[in-house]
Amino acid sequence: MDIRNFRQCLGYFATGVTIITSETASSTHGFTVNSFTSISLNPMLVLVSVDRKTKAMDVLQGNNFIVNILRDDQQDTAMHFAGHTMEKQPFEWEKGGLGKRIKNSLAYIECKPWKTYDGGDHVMFLGEVKHFEHSDGNPLAFYCGKFSEVVVK
Ligand SMILES: Cc1cc2nc3c(=O)[nH]c(=O)nc-3n(C[C@H](O)[C@H](O)[C@H](O)COP(=O)(O)O)c2cc1C
């Protein structure tokens, strides 16, 4: 089985797009994630699957994190945090309960670390939800390797 082809196949599963933000000793780290999944309601648990090669891999170990769920007009922010750093920062920070977060996101889920699990070349980080907020608007979507929008039927 071919890995590139497998990746292409997975792309047919449409997702939303999030930025995971987390405080380091000197700054706030953010990275773009579409592997975000809800896991449990009681206790409230969510999951992100993190590539072992990322800087986020070290930052998230034992650390609080915030899931910033993006709106349809935040594509530049998604690119900025996926290694395509823009000269002019395309977003503003705001203060959340467990660290800095991205202003005007569609929803926020603030987590304390729960457990990690081996996921091959990724590590699954489960977070225990300590605070959440949401507002009205349209989500940014990701489908077949491209940013997309959700059509409500
Ligand atoms: C739409 C999209 C979704 C992504 N989802 C993930 C993901 O779920 N897990 C992951 O580890 N990287 C994901 N990435 C790649 C990271 O955002 C990228 O490797 C980032 O530069 C890592 O930053 P860091 O090394 O500073 O932590 C995604 C990228 C894009 C554009």
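**Close-up views of a predicted model**

View 1. The shell around the ligand is made up of eight nonpolar, six polar and two charged residues. The shell counts 16 residues, of which Ser35, Asp51, Thr54, Ala56 and Gly83 come nearest to the ligand. Two or more residues of this shell are given by each of the strands β3 (28-33) and β5 (45-51).

**View 2. The open sheet of seven strands.** The strands pair in an antiparallel manner and follow the order β3-β2-β6-β9-β10-β5-β4. At the edges stand β3 and β4 (37-40), each of which pairs on one side only. On average, and with direction ignored, neighbouring strands of this sheet are turned by 35° against each other.

**View 3. Pairing of β4 with β5.** The two strands run antiparallel and are joined by three bridges. Within this pairing, serine 38 lies opposite valine 46, a residue of β5.

**View 4. Glutamate 149 in strand β12.** Strand β12 spans residues 146-149 and includes glutamate 149. This glutamate counts as exposed because it has 11 C-beta neighbours inside 10 Å, the limit for an exposed residue being 12 or fewer. When neighbours within four places in sequence are left aside, glutamate 149 is in contact with Asp72, Asn138 and Ala141. A further relation concerns glycine 16: glutamate 149 and glycine 16 are separated by 133 residues in sequence, whereas their C-alpha atoms are 9.1 Å apart in space.

Notes
Residues are numbered from 1 along each chain as its sequence is written. This is a predicted model: local features need pLDDT of at least 70, side-chain atom pairs count only at pLDDT 80 or more; totals for chains, interfaces and linings use all residues. A residue is near a molecule or strand if its C-beta atom, placed from the backbone, lies within 6 Å of it. Helices (H or I, at least four residues) and strands (E, at least two) are DSSP runs, numbered from the N terminus. Ala, Val, Leu, Ile, Met, Phe, Trp, Tyr, Cys and Pro count as nonpolar, Asp, Glu, Lys and Arg as charged, and the others, Gly among them, as polar. A residue is buried if 20 or more other C-beta atoms lie within 10 Å of its own, exposed if 12 or fewer, and partly exposed in between; C-beta atoms are placed from the backbone. Two residues are in contact if their C-beta atoms, placed from the backbone, lie within 7 Å. Two strands pair if DSSP finds at least two bridges between them. Axes are lines fitted to C-alpha atoms, for helices over the stretch in contact, and angles run from 0 to 180 degrees between N-to-C directions.
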